Amino acid sequence: MLDTEFSTIASVGKLLDLPRAKLVNGITPLEAMPNLSRICGGANLFVKRDDSMGFAFGGNKVRQLEFYLGEALSLNANTILITGAVQSNFVRLAAAAANKLGMECHIQLEERVAKEDTYYRNSGNVFLDRLLGATIHSYPEGEDEEGADLHLGEIAAELSAEGKSPYIIPLGPGHAPLGALGYVVAARELLNQMVQYDIEFDEVIVPSGSGNTHGGLLFGLRALGSELKVNGGLYSARSRCPISKNQATL
Ligand SMILES: Cc1ncc(COP(=O)(O)O)c(C=O)c1O
């Protein structure tokens, strides 16, 4: 399942040497958003549909997982460990990727929000995590990245003692941001689509949490010679439209 050819990103040098597990199915559409553009005062908005990847409901973490799981396979790991919020998309996609690649998956769900209802704890991504065969562990502290990573390390040590070969996808800073490479690949894809559709964007806007999406995209664009601005941010659900006129979204 390893893809080390990288034919689509041939001009981004060292990436050619890194292992990658193929999860993204083709390229994702670049879709015009005329209704949203109207609401936002006429800005010409497009969305890069990374939700429509044909893999476990898609999302930005699929591209990132290609590089984490690629490294895991190259190290002969057979068990993936990941930590995240109870309803984390990253965790759900890691469970799906591990399942697809025939690996075991242990997920640690952190208590980040004060919600106790059974739907929050059992529906949506948690339901899918279980359906995908992941083993669920609980971590009571929310917003304690270092503690969550340490606890994940303890679970990994137990799995090693059982003879398994675990690979941790870490949460906190201080680790190689391998996932960002997925968005270096996306930068190339976006630039190709801009040429294909003859569109010149003023700016790309990305939601930013760990910064892997934002940093990878920015690096990829610059490495490929583009000066396109990349604006990352977490936007308030109460603001009607955070995007000013003449900007374009990824
Ligand atoms: C759907 C979605 N978009 C964006 C992000 C943020 O991405 P990043 O962690 O690469 O900054 C997340 C992270 O949890 C996410 O689940």
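What hand does the crossing have where H3 passes H5? I looked, and H3 passes H5 in a left-handed crossing. I call a crossing left-handed if the near helix is turned anticlockwise from the far one by less than a right angle, and right-handed if clockwise.

**Ground rules**

I am working with a predicted model, where local features need pLDDT of at least 70, side-chain atom pairs count only at pLDDT 80 or more, and totals for chains, interfaces and linings use all residues. Residues are numbered from 1 along each chain as its sequence is written.

**The whole chain**

I began with the secondary structure and found 8 helices and 8 strands. These are DSSP runs numbered from the N terminus, helices being H or I with at least four residues and strands E with at least two. Of the 250 residues in the chain, 38% are buried. My scale is this: buried takes 20 or more other C-beta atoms within 10 Å of a residue's own, exposed 12 or fewer, and partly exposed lies in between, with C-beta atoms placed from the backbone.

**H3 against H5**

Back to my opening pair. The axes of H3 and helix H5 (residues 124-131) come within 9 Å and cross at roughly 15°, which makes H3 roughly parallel to H5. Axes here are lines fitted to C-alpha atoms, for helices over the stretch in contact, and angles run from 0 to 180 degrees between N-to-C directions. Angles under 35 degrees count as roughly parallel, over 145 as roughly antiparallel, 65 to 115 as roughly perpendicular and the rest as oblique.

I then listed who meets whom: Asn-89, Val-91, Arg-92 and Ala-95 in H3 meet Asn-125, Leu-128 and Asp-129 in H5. Contact means C-beta atoms, placed from the backbone, within 7 Å. By class, I have 3 nonpolar, 2 polar and 2 charged residues in this contact. Nonpolar covers Ala, Val, Leu, Ile, Met, Phe, Trp, Tyr, Cys and Pro, charged covers Asp, Glu, Lys and Arg, and the others, Gly among them, are polar.

**H2 against H3**

Next I checked helix H2 (residues 60-74), whose axis comes within 10 Å of that of H3 and crosses at roughly 50°. That makes H2 oblique to H3. Here H2 passes H3 in a right-handed crossing. H2 brings Lys-61, Val-62, Leu-65 and Leu-69, and H3 brings Asn-89, Phe-90, Leu-93, Ala-94 and Ala-97. The classes are 7 nonpolar, 1 polar and 1 charged.

I stopped at Ser-88, in the loop between strand E3 (79-85) and H3. Ser-88 is buried, because 22 other C-beta atoms lie within 10 Å. Ser-88 and Asp-129 are 41 residues apart in sequence and 9.8 Å apart in space, C-alpha to C-alpha.

Which elements give two or more residues to the shell around the ligand? I found helix H3 (89-100) and helix H8 (212-223), with H8 giving the largest share, 3 residues. Residues around the ligand include Asn-89, Phe-90, Asn-212, Thr-213 and His-214; near means a C-beta atom, placed from the backbone, within 6 Å. The shell divides into 2 nonpolar, 10 polar and no charged residues.

**Positive phi**

Most residues other than glycine have a negative phi. I noted Phe-57, not a glycine, with a positive phi of about 70°. Phe-57 lies in the loop between strand E2 (46-48) and H2, and counts as partly exposed because it has 15 C-beta neighbours inside 10 Å.

Notes: Two residues are in contact if their C-beta atoms, placed from the backbone, lie within 7 Å.
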